[in-house]
Amino acid sequence: MATFLYKLGRLAFRRRHFVALIWVALLTLAGVGAASAPTAGSSSFSIPGTEAQKAFDLLDQRFPGMNADGATARVVFKAPAGEKMADAANKAAVERTVKELDTGSEVTSVTDPFKSRSVSKDGTIAYAQVRYEVSGMELKDASKDALEDAAEAARDSGLTVEIGGDALQTVPHTGTTEIIGIAVAAVVLVITFGSLVSAGLPLLTALVGVGIGVASITALASALDLGTTTSTLAMMIGLAVGIDYALFIVSRYRAELAEGRDREEAAGRATGTAGSAVVFAGLTVVIALVGLAVVNIPMLTKMGVAAAGTVAVAVLIALTMVPALLGYAGAKVRPTGHKARWMGGGRAAGNAKGAESASVGTGGGVGTSAKVLSGGGAGASAKALSGGGVAVEKPNMGTRWARFVVRRPVMVLLVAVIGLGAAAIPASSLELGLPDDGSQPTSTTQRRAYDLLSEGFGPGSNGPLMVVVDAKSSSDPKAAVKQVSDEVKDMKGVVTVTPATYNKAGDTAMITVVTDSKPSSVATEDVVHEIRGAGPAIKADSDANVLVTGATAMNIDVSQKLDDALVPYLVLVVGLAFLLLIVVFRSVLVPLKAALGFLLSVMAALGAVVAVFQWGWLADVVGVEETGPIMSMMPIFMVGVVFGLAMDYEVFLVTRMREAYVHGERPGQAVVTGFRHGARVVTAAAVIMMAVFAGFIGSSESMVKMIGFGLAVAVLFDAFVVRMAIVPAVLALLGERAWWLPKWLDRALPDVDVEGEGLRTHGDAAEGTERDEELVRA
């Protein structure tokens, strides 16, 4: 692996014009495809295997043209203070509005509140329901404008009018915080590298990768039925990993330059070593994202595959485009320790010249760091060859921290585990659900309509249940439907049961059921389970099947499906990644420790999400206007994404330790060496990833906001507590046992050479050849 990537890096460095041209062409092609592709709507939300989906499919068969999954709008009217909706003027205004709404080209039906008995008991609130033939995201702007214009005309007559439902659904926007996140990433890169050019390379390559990924998703969105959220999440993850992968390769390139290698050789070695870590880190992320297919929710599967594709592009760009741009940058990318003059680099440059002079005076090549001739470990301080003097490099913060952890591993381990355990406590009260209009900001008309409906008709009116009775096999369909209606009326928590609506054949009926609790409550879920529980007895009595569907029932089924899939998903993803890490680290305990540390960080992150979005802690800071249940797909999505990102830091940090250990260092010293070379870069990568994810907290989409916050907190816990504290503490306690691998397994596993041992041999052979040639010339 390392040797192949080494050759690839050198090839990209030499043929940089060709490599750059290929990526620019791909970006242009994707951009043209996105610009010429038809506008995509929201992804169809089908949940195979659920009762709610079976009922929707049955309705499509028995009620042709009904468009059960089409967009709906509830236009809610409230009379002025002291008046009633039945007053002549108010009634006339409502009837004009209903008539105007019914003229829409995409409208299939509009209910008149006075005919459908949709007026509150006190007579002050009424609503008209509008059904469309297409989904909310597919509605034409003209239809949405007509809906808003009709509401505005009714307001002019003195009524309070608000619009609920998904007809006004819009493409989510992320706001200015996303740009702030990228700006923070740029500042961190500048501080890390001390150079604008070095800092600009990871940003440029990440933006190119995300541009290709998102443009490709946009181009294929209509054909593959990809929703708008898919590209947002792909952008979020692709931008974060794209910056990080390029950051690790550029950092290793600068370290290779500091060891005296020429730029092409440094680019090859950086790609061979850090690039190997990038490949395996990217593979873990791809496995975690593609593994979402286990849940068998098409929308989630498409989101995972699209994001995985963007990650794959980020890996390819890091392995090819980064070395090519390093070739263009030339001397503007300085070795490690050299900074631009505006950051105080003059003194460093002067010291470097002095070091070069000393090296030349003792026979070393110009620009070559002084080398250890005997007894020194791979990570030893640079030594001056003349006069026996030793120039001891001041330990950096990563070295000092690693030494502290190695000296006190038990204390560090206990503090870190107890801290994460405390953060995870709120997760014990996790409540799952899918967002509805009740979770919208109070400034939106959807939320105001939700509140008006709750005021006039009770909270259950915002999410009525649709009971479908399939009486095709029954000898008396109407009697079967009546039995269902009577039993549902007597159930606890049921407020209203509407008269049944039959299809033309008279063998299938729809009954609308309104509960006394809000759609996302446990009480409503209990009603759904009770209705479904009565189905077998009704089937035995009348041969009629009872199905419960509607948005509320669908949300309940989705939550249950996600909950059931969580354990199989964990087993699959963690199991595959565990096997992959065994190959990378050639150890059993190191991957096991990585997986257990991940579980700690993800539970702590879920605890933080519950504390903010469900309990309301710091809700104003994050911009959460309405607390409530956590989005159903949040736990499983966080498990997938956070696991992949957590393994990034594990691979980048521990491969440096493995490299030092393979090259002869003691286990404790290898931990310190790994931190000396990797802690600064991993810290910068984590801060960048946190900044990018936190940038999506400003999104208008509650799902994107919650995921952005959850991923940012998860990276905080995983990078700075698990990888920076728990990992070195456990490795220090295990010692030599950390790298134990059964002999039979060692023989069976392929040698991927992530630590670059083959490059070391290659380098030694090359240096030997150069010395022989010099002797011949002498």
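Visitor: Which residues form a nonpolar patch on the surface?
Guide: Phe-18, Ile-22, Leu-26 and Leu-29 do, with about 390 Å² of accessible area together. Patch residues have over 30% relative accessible area and no salt bridge; like charges are joined within 9 Å, and nonpolar side chains (Val, Leu, Ile, Met, Phe, Trp, Tyr) within 5 Å. A salt bridge is a side-chain nitrogen of Lys or Arg within 4 Å of a carboxyl oxygen of Asp or Glu. Accessible areas come from the Shrake-Rupley method with a 1.4 Å probe, and for residues only the protein chains shown count as cover.

Visitor: What am I looking at, and how is it numbered?
Guide: This is a predicted model: local features need pLDDT of at least 70, side-chain atom pairs count only at pLDDT 80 or more, and totals for chains, interfaces and linings use all residues. Residues are numbered from 1 along each chain as its sequence is written, and side-chain values use heavy atoms, with hydrogens and water left out.

Visitor: Back to Leu-29. Where is Leu-29 placed?
Guide: In helix H2, residues 16-36. Helices (H or I, at least four residues) and strands (E, at least two) are DSSP runs, numbered from the N terminus.

Visitor: Is Leu-29 buried or exposed?
Guide: Leu-29 counts as exposed because its relative accessibility is 61%. Buried means under 20% relative accessible area, exposed over 50%, and partly exposed in between (1.4 Å probe, protein chains only).

Visitor: What about charge? Which residues form a negative surface patch?
Guide: Glu-100, Asp-141, Asp-145, Glu-148 and Asp-149. Asp and Glu count as negative, Lys and Arg as positive; His and the chain ends are not counted. Each charge is placed at NZ of Lys, CZ of Arg, CG of Asp or CD of Glu.

Visitor: Which helix gives the most to the negative patch?
Guide: Helix H5, residues 141-156, with four residues.

Visitor: Let's go inside. Why does Arg-532 count as buried?
Guide: Because its relative accessible area is 16%. Arg-532 sits in helix H16, residues 522-533.

Visitor: What is Arg-532 in contact with, beyond its neighbours within four places in sequence?
Guide: Glu-51, Ala-52, Val-548, Ala-553 and Asp-557. Contact means heavy atoms within 4.5 Å.

Visitor: And the whole chain? How many helices and strands?
Guide: There are 25 helices and eleven strands. Of the 778 residues, 53% count as buried.
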